[in-house]
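Here is a short briefing on how one protein chain is built. Keep the sequence and the 3D view open while you read.

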Amino acid sequence: MARVELVKIAKNYGKQAVLRPLDLTIPDGSFTVLVGPSGCGKSTLLRLLAGLDSLSAGSILLDNKQINDLDPADRDIAMVFQSYALYPHLTVAENLGFHMKVRRVKREEQESKIARVAEILGISKLLNRFPRALSGGQRQRVAMGRAMVRNPQVFLFDEPLSNLDAQLRMELRAEIKALHQRFKTTMVYVTHDQVEAMTLADQIVVMREGAIVQQGSPLEIYDHPADTFVARFIGSPPMNLLEGLPETRDGVSGVRCNSLWFALPARWNEAASRQRDKKLLVGVRAQDFLLTSSPEQPTATVRLVEITGESSLLHVDWQGFPLHVQLSGRTDAQPEQSLGLAINREKIHLFDAESGQRL
């Protein structure tokens, strides 16, 4: 296990800044997930950690030892790639043992480690097969095993599940989490899938345009997004945002959004009063709407209904705002039907409309 520190690291390709100077600490034994849209710099950051690319500025420390200039093989860091990267002419056993063979590890030790890792990953019966005879999930298990036999201080995962179907992604996601709980090795995992980020991570690092927007535990980021980008990126479906202005009615602080008015919880009163005539964005998770037969607000119009069995997702128009409303169970709502909606006011989020920052 190891503690990783990134100190003012940056990466430029010519005049193009891919990573702006950033600091990040990855605690010893943690599972840190780097998440963000394509092109945000998360895979570049992983390649810098692995030594597959060179820094433009800054330092990388592994247990307080600078490793910037070390070759990838000397960093004691193993990486699992999206594309599996298996040698097609070698069997599964030979792929697993390749690094040890290069390092001239004793044959008995190689066989012992290969057998142990194969048993952990459930691929013992595949050791004599070639990669072409394996499914995508089996190939990814072999790729993970090849990293595990090295017993590195840090594991790096670069979108390892993106080529798999939904069922396999769920299964391997659980296996990766179980491996971390078993061995407590420091892991850094890159994905654009926020569901993977929420379910795997001890620490999530949300990136955008080469910078860190927010970092924290999954529930911290979900419950207290730093800005509208994080609010929309973390959570499925994305958070609804309604633009409005602060407005007090009968001594109650609230926000008027077109013909809708929402009373605010007491914790937001001071923040809303500071905005005065400045526009706000009211953030509401799809799960925080309530159906009501006696609405205090104008009704919403259903545009589309998606039923998955355990829940129903309604696409509605609420006084000019297109919204997602998620209900537990099933619904008999139909397109063009009018619905009475209310908001769980304790779950309201507020953002500055101009900057997008949380108030």
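Two strands count as paired if DSSP finds at least two bridges between them. Helices (H or I, at least four residues) and strands (E, at least two) are DSSP runs, numbered from the N terminus. This is a predicted model, in which local features need pLDDT of at least 70 and side-chain atom pairs count only at pLDDT 80 or more, while totals for chains, interfaces and linings use all residues. Residues are numbered from 1 along each chain as its sequence is written, and side-chain values use heavy atoms, with hydrogens and water left out.

**The annotated domain**

- An unreviewed UniProt entry carries the annotation "domain: ABC transporter" for residues 4-234.
- UniProt positions are given in the numbering used here, feature names are shortened, and annotations may be inferred rather than shown by experiment.
- The span 4-234 is 37% helix and 26% strand.
- Its end C-alpha atoms lie 25 Å apart.

- Strand β1 (residues 4-13) and strand β2 (residues 16-26) run antiparallel and are joined by seven bridges.
- Asn12 has Ala17 in β2 as its bridge partner.
- Two residues separate β1 and β2 in this hairpin.
- Gly14, in the turn, has a positive phi of about 65°.

**Two packed helices**

- Two packed helices are described by the angle between their axes and the distance between the axes.
- Axes are lines fitted to C-alpha atoms, for helices over the stretch in contact, and angles run from 0 to 180 degrees between N-to-C directions.
- Helix α3 (residues 107-121) packs against helix α4 (residues 136-148) at an angle of about 140°, with the axes 10 Å apart.
- That angle makes α3 oblique to α4 (under 35 degrees is roughly parallel, over 145 roughly antiparallel, 65 to 115 roughly perpendicular, and the rest oblique).
- Val117, Ile120 and Leu121 of α3 meet Arg141, Met144, Gly145 and Met148 of α4 (contact means heavy atoms within 4.5 Å).
- By class, this contact of α3 with α4 has five nonpolar, one polar and one charged residues.
- Ala, Val, Leu, Ile, Met, Phe, Trp, Tyr, Cys and Pro count as nonpolar, Asp, Glu, Lys and Arg as charged, and the others, Gly among them, as polar.

- Strands of a sheet pair through backbone hydrogen bonds, either parallel or antiparallel.
- Arg249 stands opposite Val252 in β12.

**The four-stranded sheet**

- Another open sheet has four strands in the order β18-β17-β16-β19, again with antiparallel pairing.
- At its edges are β18 (321-328) and β19 (338-339), each pairing on one side only.
- Eight bridges hold the antiparallel pair of β17 (residues 311-318) and β18.
- Asp317 faces Pro322 in β18.
- Asp317 in β17 is also the bridge partner of Thr301.
- Six bridges connect β16 and β17 in the antiparallel sense.
- β16 and β17 form a hairpin with three residues between them, and Gly309 in the turn has a positive phi of about 115°.
- On β19, strand β16 (residues 300-307) makes an antiparallel pair through two bridges.
- There, Ala300 has Leu339 in β19 as its bridge partner.
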